[in-house]
Amino acid sequence: MSFEIKEKDLLARIGKLKTKNRIVETPLLFPVINPAFQLVSLNKIEKELGFEALITNAYILKQRFQNQPIQQGLHKFLGFNGAIMTDSGAYQILVYGNVQTDPKEIVEYQERIGSDIATILDIPTGWKTTEKQAAQTVNETLKRAKQFFKIKTHKDILWVGPVQGGRHLNLVAKSAKEMQKLPFQIHALGSPTEVMESYRFDVLVDMILTAKMNLPLDRPLHLFGAGHPFMFSLAVATGCDMFDSAAYALYAREGRYMTENGTHRLSELNYFPCTCPKCAKATPKQVLERSPKEREVFLAEHNLHVCAAEIRRVKQAIHDGRLWEHMEIRAYNHPALFTAVKRLAKYKDFIEKHSPSVKPSGLFFYNSLSLIRPEVIRHQKLLTERYTPPDKTETLLLFPQTSAKPLHKSHEYKKTAKTLKKQTPNFHTCFYVAPFGITPVELDEIYPLSQHETAMPLDKETTQHVAKQTADYIKRTNYKTIILINDPQNWNNTVISTVKRTCKQKHITLKTIHIKEILTTKPEQPRET
Ligand SMILES: [Zn+2]
């Protein structure tokens, strides 16, 4: 296998990809290099900015330089020691409608120049295509992918099998299902550039997840044209292992300054919100006084620094098990990104299935967006499908979540349990907890039920969600009496009203106690010995 997965969080992976020249680490960003005109030197990109790989266009190489890269070898020709991926001219098809090469010729050319990772000449679907047109691009790409295996002669190149279909998800699914039958080492999602330019990150989520659910998970997925660092965490969390970006250079040409949170016009900046070596030594005013060419180089280098830094943050977040939190923070930078994170609800079961069950750190919950987190979905599934309460417990104590963890060791719970035990020795406790819902006392130390922090008071969607989980639990169990400790300050009476209704329906005796009654009485003094 050329791809080895080392660490996981959500659908993200830190992996090792073995190319013929070197092993590179994913998630990996490939800056797009124009072989005819390069703003930032490749030596700088490799040595100073630390990029392990780049992508360039085999079609442009062939048109402009013909045999020169073949004679020198691609690495020497470009002056880059890292991994080099080549695209085939598919993007030119998208822009110009046609290219002056054919699938066989461009495969042979990529073999002869010595690409590490190479791409077949696929037909991009594009954004504004009808379903019929899109189906044609899918079918033609598949036909070319099948023919490719009769053409290729080298075994040391990692070949990319692109998935097409655009916004037509049924076609994306078909394309991925057929493509995964072929022995490509890497898959790629085509056509997202226009989707991203129009800020339809929700459609992008649909496209990525549809491809992901129909491709083998042990092969890396490349996202073509994922330009902006503010969406890297979303793309990585949904399972993209590799991206390429020309945005750093395109933005620089337009005087645009990237940050991990968005984009500024250089002319509108008074201060640089960045500590990269370029920004640390200049002010926006000084840069504006430079020549247009110098300004462009400055911006391109800064933009690359920002992209590299965000990829490192995303990797550290995977390592820490905090990619969700990182993605959520980024999502607040644009409503379109937030919409995209909400769209993950549609894929919550798939994400849950492939997310690690134990993480190195606890979880932070801010609002109802977190209700679709894999840890929450997993707990609810286990509780519904596998859990039964202890035998012979007719009384249920429903206790609100406590700030101290584990829940059963909190002062307020211990005190309540001690008092109750005198009247009802055989009762069972479940905590109602945001965002997990019902947490039986005997499970409350299992990860992550005691390893999380929640922002209080809760929002309406969260209280309603937990109230529903609580009602469902009461409906499928056989308690005769329920004692509910109500915490209206944090829970807004949502749980109590739902539980009242459910108890009435099931003829269960309900007693309620205000949490204040427990909190205001002083804790017992330790006995003198
Ligand atoms: Zn900077």
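Four donors count as tetrahedral if all their angles lie between 85 and 135 degrees, where donors are N, O and S atoms within 2.8 Å of the metal (3.2 Å for Na, K and Ca). Keep in mind that this is a predicted model, in which local features need pLDDT of at least 70 and side-chain atom pairs count only at pLDDT 80 or more, while totals for chains, interfaces and linings use all residues. Residues are numbered from 1 along each chain as its sequence is written, and side-chain values use heavy atoms, leaving out hydrogens and water.

View 1. Cys274 (SG), Cys276 (SG), Cys279 (SG) and His302 (ND1) sit 2.1 to 2.4 Å from the zinc ion. The angles among these 4 donor atoms run from 99 to 122 degrees, so the site is tetrahedral. Cys274 is in the loop between strand 13 (262-265) and helix 13 (277-280), and His302 is in helix 15 (residues 292-320), so the pair ties together parts 28 residues apart in sequence. Helices (H or I, at least four residues) and strands (E, at least two) are DSSP runs, numbered from the N terminus.

**View 2. Asp9 tucked away.** Asp9 belongs to strand 1 (residues 3-9). Its relative accessibility is 0%, so Asp9 counts as buried (under 20% relative accessible area, with a 1.4 Å probe and protein chains only). Its side chain makes a polar contact of 2.7 Å with the side chain of Lys359; such a contact is a pair of N or O atoms within 3.5 Å, and within protein one must be able to donate a hydrogen and the other to accept it, with residues adjacent in sequence counting only if both atoms are side-chain atoms.

**View 3. Helix 8 from the inside.** Leu171, Val172, Ala173, Ser175, Ala176 and Met179 are buried in helix 8 (residues 169-179). Among the elements covering these residues are helix 7 (131-151) and strand 8 (158-163).

Technical notes: Tetrahedral: all angles 85-135°; square planar, octahedral: opposite > 155°, others 65-115°. Buried < 20%, exposed > 50% of the residue type's maximum accessible area, 1.4 Å probe, protein only. Contact = heavy atoms within 4.5 Å.
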